[in-house]
Amino acid sequence: MLRRQRGRGRTTEDHVAITRLPSAGFSITIRISVTADASAIGRLTTCVGEAGAIVTALDVVDSDPTTVVVDLTCDTADATHADQVVKALTALDGVDVRKVSDRTFLLHLGGKIEVSPKVALRNRDELSRAYTPGVARVCLAIAENPADARRLTIKRNTVAVVTDGSAVLGLGNIGPAAALPVMEGKAALFKRFGGVDAWPVVLDTQDPDEIVSIVRAIAPQYGGINLEDIAAPRCFEIENRLREMLDIPVFHDDQHGTAIVVLAALTNALRVVGKKLADVRVVVSGAGAAGTAIMKLLLRQGVGDIIAYDRQGALHRGLDGLNPAWQWLAENTNRDGFSGDLRAALNGADVFIGVSAPNLLTGDDIAGMAAGSIVFALANPDPEVDPREARRHAAVVATGRSDQPNQINNVLAFPGVFRGMLDAHAEEFTEEMAIAAARAIADVVGAEKINPTVIVPSVFDSRVAPAVAAAVRAAAQHPTPPPAADPGPADLPEIAAKEAAPASPLSG
């Protein structure tokens with residue numbers, strides 16, 4: 001569809017039908033000079049709306065008798081869409097676009113974190129105690145008793161966020177320098193939600209031996225190691241080797257953080273539809289770091305059956321050419337040896353979990369799942385299936401997006417997990433901690449609050465990190481394997497009564 005713009009005789013495409021949803025991640029501020037008439041501001045906001053963007057703010061910067069200068073802020077879908085919005089505004093009569101600022105880039109100028117001293121250094125007396133000569137006494141105390149480092153240094157509250165830049169978000173192998181903004185953001189989240197001082201450690205190597213050697217060498221400074229955005233399968237080797245070497249917890253967030261939040265969300269989703277974990281069949285798309293950890297945690301909790309998919313297709317016994325991680329999955333999942341395609345596997349399945357790639361499925365594929373089905377389409381920013389289509393057929397739908405209900409976000413887990421491990425002086429991360437953390441997240445929602453669009457708490461819920469920390473601390477101090485979680489109708493009868501709804505109440 002084409003429409004004629006006023007004033008300059010230009011014809012531009014009508015961009016209302018954009019394929020991706022506008023997001024604050026692509027927010028722009030446009031400084032505009034426009035003729036000062038009664039309809040000026042209305043014309044600007046109408047134009048932005050017709051271009052498919054969302055106006056979030058409009059501020060008057062300056063004016064005179066004939067013109068007004070405004071800063072118009074709007075959310076767009078991506079960089080191309082942002083350019084289209086600017087072109088549409090430029091084509092309006094009496095409009096002069098002076099400057100366009102990308103608000104995401106502005107936020108990152110100079111980085112997002114800094115070091116701030118905890119002690120004042122106002123005079124010689126304070127300097128003498130914080131540094132030489134007084135600091136020597138503390139150094140000697142630690143040399144005599146190394147365990148005192150946890151009590152007398154930043155080690156008690158500091159985590160290294162380590163990456164080689166090989167599997168960054170949905171961006172792939174972009175290297176250490178390009179990964180640094182993500183690691184900075186991770187460190188900021190640690191501080192904001194867990195009170196943990198985390199620091200990015202980006203390594204200019206992707207050799208597992210070198211990574212292990214470097215992390216082992218820097219470990220004395222830290223109370224924990226958070227591995228981040230390291231590609232599978234070497235992430236498994238690196239984590240396992242470091243766990244054997246170090247006396248501090250090693251936690252790969254892409255694996256365990258994701259698995260914890262998925263288990264928490266699935267616990268409540270099963271309560272909504274009135275099913276037991278032991279009775280459901282789960283299809284998982286993506287057998288990388290996240291998918292493998294999710295499946296291992298579900299197996300530990302007694303899931304009925306899992307069919308795992310990756311580039312080789314359905315993983316099953318007898319499949320050749322599998323790496324060790326996939327071989328383990330082939331031997332421990334897919335009870336009946338199913339070897340069909342992903343769509344066929346979904347027929348009659350109770351749960352779909354996607355940690356793979358966008359737009360693999362359609363609403364029709366979801367329609368073939370069992371009554372009261374659950375869909376976790378977690379590929380970001382574009383899920384495996386359009387959540388609007390999935391909600392037409394599934395009882396519960398979750399994504400990784402912040403602009404959709406039921407956001408499954410690792411920030412629900414890792415700040416509290418590390419807070420609990422640091423407080424307990426834990427020397428390792430265990431499955432018991434993972435299960436305890438998942439239960440804590442699920443329980444924060446509360447039985448009286450759970451519904452198809454609320455299966456996990458908000459990432460800004462101030463109760464989450466303390467609850468997770470307390471659960472992890474208890475698991476560290478009393479490492480008794482908990483019984484498998486198996487929520488069902490008996491737990492929440494008023495919710496379980498809704499079983500078998502073939503589509504979400506919000507569909508349509």
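Here are some friendly notes on this predicted model, point by point.

1. First, some ground rules. This is a predicted model, in which local features need pLDDT of at least 70 and side-chain atom pairs count only at pLDDT 80 or more, while totals for chains, interfaces and linings use all residues. Residues are numbered from 1 along each chain as its sequence is written, and side-chain values use heavy atoms, with hydrogens and water left out.

2. Let's start with the open sheet. Its 6 strands come in the order E13-E12-E11-E14-E15-E16, with mixed pairing. Strand E13 (313-314) and strand E16 (396-399) are the edge strands, each pairing on one side only. Helices (H or I, at least four residues) and strands (E, at least two) are DSSP runs, numbered from the N terminus; two strands pair if DSSP finds at least two bridges between them.

3. Within that sheet, strand E11 (residues 281-285) and strand E14 (residues 351-354) run parallel and are joined by 4 bridges. If you want a pair to look at, Val284 stands opposite Ile353 in E14. Helix H10 (residues 253-273) packs on the sheet, where it touches E14, strand E15 (374-377) and E16. The direction of H10 makes about 155° with that of E15. Contact means heavy atoms within 4.5 Å; axes are lines fitted to C-alpha atoms, for helices over the stretch in contact, and angles run from 0 to 180 degrees between N-to-C directions.

4. H10 also packs with helix H17 (residues 431-445), at an angle of about 45° and with the axes 8 Å apart. The two helices, H10 and H17, are therefore oblique to each other (angles under 35 degrees count as roughly parallel, over 145 as roughly antiparallel, 65 to 115 as roughly perpendicular and the rest as oblique). Residues making the contact include Ile260, Leu263 and Arg271 of H10, and Ala434, Ile441 and Asp443 of H17. By class, this contact of H10 with H17 has 10 nonpolar, 2 polar and 2 charged residues. Here Ala, Val, Leu, Ile, Met, Phe, Trp, Tyr, Cys and Pro count as nonpolar, Asp, Glu, Lys and Arg as charged, and the others, Gly among them, as polar.

5. Ala259 is another residue to look up in helix H10. Ala259 counts as buried, at 4% relative accessibility (buried means under 20% relative accessible area, exposed over 50%, partly exposed in between, with a 1.4 Å probe and protein chains only). Leaving aside neighbours within four places in sequence, Ala259 is in contact with Ala293, Ile294 and Leu297. Ala259 and Met295 are 36 residues apart in sequence, and their C-alpha atoms are 7.9 Å apart in space.

6. Elsewhere, strand E3 (residues 23-35) has antiparallel pairings. Strand E5 (residues 67-76) pairs with E3 over 10 bridges in the antiparallel sense, with Ile32 opposite Val70 in E5. Strand E6 (residues 95-102) runs antiparallel to E3 and is joined to it by 7 bridges; there, Val34 stands opposite Val95 in E6.

7. Finally, a few backbone details. Most residues other than glycine have a negative phi, and most peptide bonds are trans. A cis peptide bond joins Thr132 and Pro133, with omega about 10°, and another joins Ala232 and Pro233, with omega about 5°. Asn406 is not a glycine, yet has a positive phi of about 60°, and at 5% relative accessibility Asn406 counts as buried. His425, in the loop between H16 and H17, has a positive phi near 55° and counts as partly exposed at 42% relative accessibility.
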